[in-house]
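Here is a quick tour for anyone about to work with these coordinates. Please have the viewer open and follow along, topic by topic.

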Amino acid sequence: MTAKHHRSYFAPDDLNDPALASLIFRLGMPAVAGLSINAVHHTINMVFVGMIGSQEIAAITIVLPILMMVGAIGEGLGVGVATAVSRALGGGDPRHANVTASTLVMLAIPVGLALTAAILLFRRELLILFGASEPMLPLAEHYLAIVAFSVTLTMLQILSDFIAISEGNTRFSMWTLLGCFALNIVLDPVLIFWFGFGLAGAAIATILSQIAALVAYLVYFHRRVGTLHIAARFVAFRTDVLKPVLLIGLPVSLTSMLSSASFAVLFTFAGFYRGDSGIAGIGIALRVLTLGMLPIIGLSLGGQAVLSFAWGARNSQRLLAASGILIKLTSAFAFLYGLGVVLLRHRVAAVFTADPAIADIAALTLVITHIPFIFFSARQILLVLLQAQGRARLAASIGVAQNGYFLLPLLFILPHWFGFGGVLASLFIAPVLTALLSSALLAVILRQLRGRSPSSSITSFNSTVSERTS
């Protein structure tokens with residue numbers, strides 16, 4: 001294949017393509033593949049860790065909420081910059097899109113270094129806060145001390161993924177994640193077993209894979225394969241650049257951080273009532289749940305570029321049509337995946353552990369978490385629609401619902417009365433309540449958009465949203 005053909009293959013899609021369903025598939029499926037690859041990568045990583053021992057699984061599970069908090073900051077900045085860039089491109093202002101993307105990439109470096117320093121200084125305190133027991137503390141502390149050095153790499157990789165997706169280039173993101181996954185799968189057994197590094201080997205494999213992914217993105221941006229131009233001369237820490245990103249991004253970050261805090265409470269109660277087996281069993285179920293969530297998130301990420309572009313172009317008809325397609329696709333997948341996991345729960349649990357106690361807890365938790373998962377798509381599509389419109393406050397209120405004002409109160413009430421059963425009941429009730437809230441609000445917003453004349457612009461609606469988010 002010639003260099004010209006390579007460039008053509010990796011070039012972004014036209015976000016104004018009239019074949020809307022085809023565009024969403026072209027953008028969404030590589031994003032689904034990329035994030036699914038990422039989830040499988042972490043799942044297989046846990047399988048390798050499980051071959052070392054159950055304490056290692058528990059240790060990596062305890063570290064997970066801390067890494068989720070780091071990822072939350074990167075995700076918030078990524079979602080914020082992606083929606084801002086797509087709106088700017090839709091509004092016909094590519095220079096502002098370049099400025100926004102370049103500024104956020106530069107901002108990620110000092111933020112990542114500061115987080116690395118904080119984790120290294122307070123790693124023991126953080127692990128105790130997140131529920132690490134005395135036997136697993138040395139393992140978890142050693143693992144966290146290594147992965148702390150990957151924080152800046154994580155931030156830059158997340159931002160690069162979102163920036164590529166925002167300009168309609170999900171294919172490059174997919175192939176980059178695939179290469180990262182393949183390298184990590186090769187390095188895991190080599191570093192864990194052949195070199196005898198154990199749990200530390202898994203951490204080192206992840207860091208080396210991230211470096212390889214960032215090299216690919218460096219080539220992508222340097223050769224200007226996409227529409228956007230990332231360069232130091234575009235960096236501008238101005239209010240008009242940072243405010244739209246932070247208005248959307250900060251609530252996303254806070255939502256994910258709150259989720260990490262909720263998981264910390266969850267693992268603390270699980271450990272209190274069932275010890276390390278309870279932590280490991282719930283950790284396995286949440287890994288499988290994440291495996292199902294990421295394809296829906298990936299499809300909505302591909303669709304979000306279309307939604308944001310349509311909102312920037314003031315095309316309400318296209319916004320409605322894209323939302324409808326996304327709802328149908330994600331709802332069908334959520335139903336099939338949730339049903340499949342429930343029916344195959346014992347086989348799924350057995351993939352991760354041979355310990356009967358952990359397997360029994362994991363199988364039960366898989367049922368409890370995957371029945372409400374069937375309705376997860378309503379929340380996710382509502383979130384990306386609100387973010388595309390710049391409705392930061394409303395998006396934040398939906399984002400924090402499940403793991404914030406639903407799950408946390410339930411965890412502090414139900415386990416007191418029902419023990420470990422109360423922990424599991426909390427994991428069921430919180431997503432059910434979130435699904436009901438999201439479905440009702442999504443119906444209202446879609447009705448608002450349908451009530452507008454197809455030929456009219458959405459200027460007045462834009463003004464209303466701007467007032468609400470300022």
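This is a predicted model: local features need pLDDT of at least 70, side-chain atom pairs count only at pLDDT 80 or more; totals for chains, interfaces and linings use all residues.

**H10 with H16**

- The crossing in which H10 passes H16 is left-handed.
- On the H10 side, the contact is made by Leu-258, Ser-259, Ser-262, Phe-263, Val-265, Leu-266, Phe-269 and Tyr-273.
- H16 answers with Asn-403, Gly-404, Leu-407, Leu-408, Leu-411, Phe-412, Pro-415 and His-416.
- Sorted by class, the contact of H10 with H16 holds eleven nonpolar and five polar residues, with no charged residues.

**H14 with H15**

- Helix H14 (residues 376–389) and helix H15 (residues 392–399) have axes that come within 8 Å and cross at roughly 160°.
- That angle is over 145 degrees, so H14 is roughly antiparallel to H15.
- H14 passes H15 in a left-handed crossing.
- Arg-379, Leu-382, Leu-383, Leu-386 and Gln-387 of H14 make the contact with Leu-394, Ala-395, Ile-398 and Gly-399 of H15.
- Six nonpolar residues, two polar and one charged make up the contact of H14 with H15.

**H11 with H17**

- For helix H11 (residues 316–343) and helix H17 (residues 420–450), the packing angle is about 150° and the axes are 10 Å apart.
- Here too the angle is over 145 degrees, so H11 is roughly antiparallel to H17.
- H11 and H17 have a left-handed crossing.
- From H11, the contact takes Leu-319, Leu-320, Ser-323 and Ile-327, while H17 brings Leu-442, Leu-446, Leu-449 and Arg-450.
- The class count for the contact of H11 with H17 is six nonpolar, one polar and one charged.

**The second largest cavity**

- Two cavities of 30 Å³ or more are counted in the model, and the second largest cavity has a volume of about 40 Å³.
- Its lining consists of Ala-82, Thr-83, Ser-86, Phe-162, Ile-165, Ser-166, Leu-301, Gln-304, Ala-305 and Ser-308.
- Helix H3 (54–90), helix H7 (151–166) and H10 are the elements that give two or more residues to this lining.
- By class, the lining of the second largest cavity has five nonpolar and five polar residues, and no charged residues.

Terms used:
Residues are numbered from 1 along each chain as its sequence is written. Side-chain values use heavy atoms; hydrogens and water are left out. A crossing is left-handed if the near helix is turned anticlockwise from the far one by less than a right angle, and right-handed if clockwise. Helices (H or I, at least four residues) and strands (E, at least two) are DSSP runs, numbered from the N terminus. Contact means heavy atoms within 4.5 Å. Ala, Val, Leu, Ile, Met, Phe, Trp, Tyr, Cys and Pro count as nonpolar, Asp, Glu, Lys and Arg as charged, and the others, Gly among them, as polar. On a 1 Å grid over the protein atoms alone, a cavity is a set of points where a 1.4 Å probe fits but cannot get out, and a pocket is an open set with protein on both sides within 12 Å along at least five of seven lines; lining residues have an atom within 4 Å of a point. Grid points are joined across faces, edges and corners, and a volume is the space filled by probe spheres set on the points. Axes are lines fitted to C-alpha atoms, for helices over the stretch in contact, and angles run from 0 to 180 degrees between N-to-C directions. Angles under 35 degrees count as roughly parallel, over 145 as roughly antiparallel, 65 to 115 as roughly perpendicular and the rest as oblique.
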